[in-house]
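Dear colleague,

Please find below the structure that I wish to hand over to you. My notes on it follow.

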Amino acid sequence: MDATSEASFAEFVRTQWRDLVRAAIFLGAGPDEAEDLAQQTLVRCYSSWQRVTDAANRDAYVYRMLLNQLRDVRRTRWWRSRVDIEPDGHVEDVSGDVVTSDAIHHALAALTKAQRDVVVLRYFVQLTEAQTAAALGIPAGTVKSRLSRALAILAGSHHLSELSEEHR
């Protein structure tokens with residue numbers, strides 16, 4: 001890889017890391033697993049950076065890689081133990097964030113895998129309908145119908161309604 005491609009890839013990693021991790025979390029990975037998935041996806045991007053940059057829709061291409069990586073991990077049931085490290089000093093109270101995250105995860109768990117994929121890519125990653133369709137390899141009309149059904153389920157979720165009542 002030449003210096004220009006290296007710089008381009010480094011900028012891509014800098015701007016996309018957080019979004020890849022967030023997408024993996026909302027697709028059902030734990031925080032540590034999400035970071036591993038994002039890193040493995042970026043390794044795949046690096047090894048085929050020319051194909052990534054040549055893709056008609058780079059974001060859809062990369063999120064498709066993330067979805068494939070998640071499926072590979074889940075298919076082989078590969079899990080690693082992690083050592084918990086004790087924090088030094090003051091730890092910020094994130095209980096409110098935990099409640100919000102828990103409510104979102106419970107609400108998303110009521111969706112089918114296909115519906116969850118569409119919701120995460122469309123609203124959390126903020127891909128367009130066309131990009132979401134390309135990432136999932138489905139027609140744009142299927143994205144719309146899955147999204148419509150998923151939003152109806154989420155609208156009736158007591159987890160999200162309880163969350164909105166707490167913030168009133």
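Gln16 is buried, as its relative accessible area is 15%. This is a predicted model. Gln16 is placed in helix H1, and, leaving aside residues up to four places away in sequence, Gln16 touches Asp59 and Tyr63.

Helix H1 spans residues 3–26 and helix H6 residues 113–124; their axes come within 9 Å and cross at roughly 150°. Angles over 145 degrees count as roughly antiparallel, and H1 is therefore roughly antiparallel to H6. The crossing of these two helices, H1 and H6, is right-handed. Arg22, Ala23 and Phe26 of H1 make the contact with Arg116, Val120 and Phe124 of H6. By type, the residues of this contact between H1 and H6 are four nonpolar, two charged and no polar.

There are four aromatic pairs in the structure. One of them joins Phe9 and Trp49 edge-to-face, at 5.1 Å centre to centre and with 80° between the planes. Phe9 belongs to helix H1 and Trp49 to helix H3 (residues 49–54), so this pair ties together parts 40 residues apart in sequence. Phe9 is buried at 11% relative accessible area, and Trp49 is buried at 4%.

Phe26 and Phe124 form a stacked aromatic pair, with 3.8 Å centre to centre and 20° between the planes. Since Phe26 lies in helix H1 and Phe124 in helix H6, the pair ties together parts that are 98 residues apart in sequence. Phe26 is buried, with a relative accessible area of 14%, whereas Phe124 counts as partly exposed at 24% relative accessibility.

Finally, ring pairs link Phe9, Phe12, Tyr46 and Trp49 into a cluster.

With kind regards

How values were computed: Residues are numbered from 1 along each chain as its sequence is written. This is a predicted model: local features need pLDDT of at least 70, side-chain atom pairs count only at pLDDT 80 or more; totals for chains, interfaces and linings use all residues. Side-chain values use heavy atoms; hydrogens and water are left out. Axes are lines fitted to C-alpha atoms, for helices over the stretch in contact, and angles run from 0 to 180 degrees between N-to-C directions. Helices (H or I, at least four residues) and strands (E, at least two) are DSSP runs, numbered from the N terminus. Angles under 35 degrees count as roughly parallel, over 145 as roughly antiparallel, 65 to 115 as roughly perpendicular and the rest as oblique. A crossing is left-handed if the near helix is turned anticlockwise from the far one by less than a right angle, and right-handed if clockwise. Contact means heavy atoms within 4.5 Å. Ala, Val, Leu, Ile, Met, Phe, Trp, Tyr, Cys and Pro count as nonpolar, Asp, Glu, Lys and Arg as charged, and the others, Gly among them, as polar. Buried means under 20% relative accessible area, exposed over 50%, partly exposed in between (1.4 Å probe, protein chains only). Rings of Phe, Tyr and Trp (its six-membered ring) pair if their centres lie within 6.5 Å; planes under 30 degrees apart count as stacked, over 60 as edge-to-face and the rest as tilted.
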